Amino acid sequence: MDILISLAGFVALLLWGLRMVGVAVERAAGGDLKRILGQATDNRFSAALAGMGITVVLQSSTAVVLMASSFVGRGLIATAPALAVILGADVGTTIIAQVLLFGTGPVGPALVLVGVVLAMRARGSTPRQVGRAFIGLGLILLALGQISATAQPLAASNVWQVLLATAESQVALLVLAGAALTWLAHSSLAVVLLTASFAAGGALALPMALALVLGANLGAALPALGATAGSNPVTRRAPLGNLIFRGTGVAVAIALLPWLTDLAAGLPLSISRS
């Protein structure tokens, strides 16, 4: 019970840190990011790069999808460049996950320290928001380290081993579980990072972790689709296209999952980053 309570608290810390970063960056530079996105849709390649870059800054592909959908609904950009923005946002999420999984040791506490000093000492609004973003990043790294450490004793639990043995062959169930967790958390990044931390702690085997990540990718399309449910059909084109893209990719990846598992296992990376 103590392990589960600790895990729940660290997962909540991870979600709060992600939220802090996104809100702080949006308050500090939200208008600039929207202007960049609007100006970068002249062609598909620049649109994809803009989507990727803004997702890395905001740490939320859902926010970028909603931004692009809003522009489509208002007639500011066409559907095709909006979909290119969304594809770039998908790549941006992967980049964020890889970068955050590098953060170990004193990096998290150092970011929190710098962020607190900036937030308390800065006089302008923008420096304060930058400080809060640093605090959020530090909390994310601290939470990831604690989740990985807490997952190690969980992996040794007999009950957990029974659950793993039962779920290991249920690929479709694991994908659905990843999608449901992503919808509940409204963050595929959080689910990917959580899965990677469990894998690093030995609580998840690589095939199961990959299935959960596939589910997270599928579930990432659901928050934006739900948020635009009452909008006009034009506004919903981009989120629907995002769901089709992700659903098709996940279906193909499930069919190739044994090969992808062998490929990931052969990479010279830790299991959490594979």
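## A loop to start from

Let's begin at Ser187, which sits in the loop between helix H8 (171-185) and helix H9 (188-200). Helices here are DSSP runs of H or I with at least four residues, strands are runs of E with at least two, and both are numbered from the N terminus. This is a predicted model, where local features need pLDDT of at least 70, side-chain atom pairs count only at pLDDT 80 or more, and totals for chains, interfaces and linings use all residues. Residues are numbered from 1 along each chain as its sequence is written, and side-chain values use heavy atoms, with hydrogens and water left out.

Is Ser187 buried or exposed? Ser187 is buried, at a relative accessible area of 13%. (Buried means under 20% relative accessible area, exposed means over 50%, and partly exposed lies in between, using a 1.4 Å probe and protein chains only.) Apart from neighbours within four places in sequence, Ser187 is in contact with Leu18 and Thr182; contact means heavy atoms within 4.5 Å.

His186 belongs to that loop between H8 and H9 too. His186 is partly exposed, with a relative accessible area of 46%. Its phi is near 55°, a positive value in a residue other than glycine.

Leu18, one of the contacts of Ser187, is among the buried residues of H1. The others on that list include Leu7, Leu14, Gly17, Met20, Val21 and Gly22. Further along, Ala24, Val25, Gly30, Leu33 and Leu37 are buried too. As background, an α-helix has 3.6 residues a turn, so residues three or four places apart point the same way.

H1 isn't straight: a kink of about 80° is centred on Ala29. The bend at a residue is the angle between two fitted axes, one for the seven residues ending there and one for the seven starting there.

Leu15 has its place in H1, which covers residues 2-39. Leu15 is partly exposed, with a relative accessible area of 31%. Not counting residues up to four places away in sequence, Leu15 touches Ala185 and Ala190. As for Gly226, 211 residues apart from Leu15 along the chain, the two C-alpha atoms are separated by 20 Å.

Now hop over to Val250, found in helix H12 (residues 233-255). Val250 counts as buried, at 5% relative accessibility. What does Val250 touch, not counting residues up to four places away in sequence? The list is Val175, Leu214, Asn217 and Leu218. Take Leu218: Val250 is 32 residues apart from it along the chain, and their C-alpha atoms are separated by 6.8 Å.

## Stepping back

How many helices and strands are there in the protein? There are 13 helices and zero strands. The radius of gyration is 19 Å, close to the 19 Å that the globule rule gives for 274 residues, so the protein is as compact as a globular protein of that length. That radius is taken over C-alpha atoms, and the rule is 2.2 Å times the number of residues to the power 0.38. The C-alpha atoms fill a box of roughly 55 × 50 × 35 Å along the principal axes.

Of the 274 residues, 43% count as buried. Among contacts with a separation of 6 or more, 78% come from residues 24 or more positions apart. The protein exposes about 13300 Å², with carbon and sulfur atoms supplying 69% of it; areas come from the Shrake-Rupley method with a 1.4 Å probe, and for residues only the protein chains shown count as cover.
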